[in-house]
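Hi everyone, thanks for coming along.

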Amino acid sequence: EIAERYARRTRWLLVDEYQDTNPLQYALIRHLAAVHGNVCCVGDEDQSIYSFRGADIRNILDFTRDFADARIVKLEQNYRSTGTILAAASKVIANNAERHDKTLWTENPGGRKIIHYAARDDREEADFVVESMLALRREEEIPLEEMAVLYRTNATSRLFEDRLTSRGIHYRIFGSLRFYDRKEIKDLLAWLRLLAHPDSDQDFLRAAATPPRGLGAKTLEGVGERATEWGCSRHEAARRMVDGESTLTARARGALQRFLATLADLREVGRGLSTAAWVTAVIDAVGLMEYLERAYPADHTQRAENIDALVSAAEEHDEAGAPDGLAGFLDRVSLRSDTDDVQGQNGPCLMTIHAAKGLEFDVVFIAALNEDLFPHARARHENGGLEEERRLMYVAMTRARKRLLLTSAHFRRQYGEPVLSRPSLFLGEIPRKLLEERGSARREDLPRARPGGALAGVPRRESRRTPAAGTARPRGGELRFEPDPAAGDDSIFRRGMQVHHPGFGRGRILEISGRGQRLTLDIRFERAGRKRIMPHYTTLQPCD
């Protein structure tokens, strides 16, 4: 009765962004249109990218089934992008099966070719993007404010923020916080600063609270009172209280004692470790990854990726000679995080592709176009996941008005270690005639797709090819590629074996290629997804 009353009152119903409706909204629309049936829905299934919020692409795909008398009006003229960008984006999205057929066109000029820059590693990739921005401003007079760097996950922003800050270039972060302002990064940095500077009261309180260590507000308040009374730091007051304070309960004393013991152990362990290894030891010792999984079930993966990026930053510090060790690294981080005048209202924009929807720029860089990053590793194991990743790529490409630049890297650092990284499937879906290849790109390494998103031409098993032949070795602050001598020893690793990696955790070996120092393992990790690991250059242990 109530549904019919509201349906009779709703003579006309207009729904925008229909591709983003969820099942509840869909049911509401059906009820409101039940009497008069006057519904006008505007949407584009090729831009349906919010399934993680509950959006159901079937709503727009099944529109004519639900409203059989509906008239479909195709809005196929594009007013934003050049002909080249539009043609490339159309070719990519055409590989999806779950879509309505349409042919986009534009009266805009054809424009320049799309640039694909294949860097040696992720640092060179970030350098290329920043230098290209400056060149476009200098040579084509395009303001930096009309440029954007788009990426699949927030963790990717760290290198670009560092490079822009080091050049004194103002930048804007949309839809997120700056890398060093993210909570999980600040939590980890508090532990690191407390190791380097035990008298930091602010870091003592943050480290004592995250991850939770059984130290309640009353106990920490008592530590603060004693610190004031004795004229010392909270860390020193806690030490004295554990040694002789009678007012502490047995439970509080035990928690405080374990906290101080963890700090002491980590200081001792860190004496013989590189900065990156010390950071990794802290993550493991305090159970940070497990805490993120418990505390943030909806987005713990993204937060873990941010932690991974900080470890990579520490590795970069080590490769630069590790001036002043952990303290030097923290000083460098402080310079990055305290540069308040760098992020403002001016300069290029940095954002995830999800945050870019509805925006447009003269110049767009789509960064980190590598398998397992974009498309994301999770997509291959979710129903319709790969097609949604392709829609994300389409949305990213069509944010560009004049220039589109795509970047990938042969090696990316994960937990500070160089890991082989294949070019994204989507790069292989762009017609060669529309691309200008730069860097060390090799077109034959790009995977392709059949309509519907199925992979084609992806090397399998022992014949799987990698983007570059050789091994990444840190030298002089950058990765150098050296051919590895063939070795005749048999590997202890076998397909299907369970293994443990110090950064990625537990995983199962899926595929094996190469021998000796060139041995490469495809491993699916329980919390980090699929990775390619060279055991000769990391610690990888078989599980019992």
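Let's begin with proline 211, which you'll find in the loop between α9 (201-209) and α10 (217-230). This is a predicted model, and in it the peptide bond leading from threonine 210 into proline 211 is cis, with omega near -10°. The bond that joins phenylalanine 374 to proline 375 is cis, with omega near 10°.

Why stop at these spots? Most peptide bonds are trans, and most residues other than glycine have a negative phi.

Aspartate 372 is not a glycine, and its phi is positive, near 75°. Another case is glutamate 141, with a positive phi near 55°. Look for glutamate 141 in the loop between α6 (122-140) and β4 (147-151). Is glutamate 141 buried or exposed? Its relative accessible area is 70%, so glutamate 141 is exposed.

Now for threonine 106, in the loop between α5 (83-93) and β3 (114-121). Its relative accessibility is 18%, and therefore threonine 106 counts as buried, since the cut-off for buried is under 20%. What does the side chain of threonine 106 reach at 2.8 Å? That would be the backbone oxygen of asparagine 78. A polar atom of the threonine 106 side chain also lies 3.0 Å from the backbone nitrogen of asparagine 108. Leaving aside residues up to four places away in sequence, threonine 106 touches Asn78, Ser81, Thr82, Gly83 and Leu86.

Last stop: a pair of helices. Two packed helices are described by the angle between their axes and the distance between the axes. Our pair is α14 (residues 288-295) and α15 (residues 300-319), whose axes come within 9 Å and cross at roughly 155°. Because of that angle, α14 is roughly antiparallel to α15. The crossing of α14 past α15 is right-handed. Which residues make the contact? From α14 we have Leu288, Met289, Leu292 and Glu293, and from α15 there are His300, Arg303, Ala304 and Ile307.

Note on methods. Residues are numbered from 1 along each chain as its sequence is written. This is a predicted model: local features need pLDDT of at least 70, side-chain atom pairs count only at pLDDT 80 or more; totals for chains, interfaces and linings use all residues. Side-chain values use heavy atoms; hydrogens and water are left out. Axes are lines fitted to C-alpha atoms, for helices over the stretch in contact, and angles run from 0 to 180 degrees between N-to-C directions. Helices (H or I, at least four residues) and strands (E, at least two) are DSSP runs, numbered from the N terminus. Angles under 35 degrees count as roughly parallel, over 145 as roughly antiparallel, 65 to 115 as roughly perpendicular and the rest as oblique. A crossing is left-handed if the near helix is turned anticlockwise from the far one by less than a right angle, and right-handed if clockwise. Contact means heavy atoms within 4.5 Å. Buried means under 20% relative accessible area, exposed over 50%, partly exposed in between (1.4 Å probe, protein chains only). A polar contact is a pair of N or O atoms within 3.5 Å; within protein, one must be able to donate a hydrogen and the other to accept it, and residues adjacent in sequence count only if both atoms are side-chain atoms.
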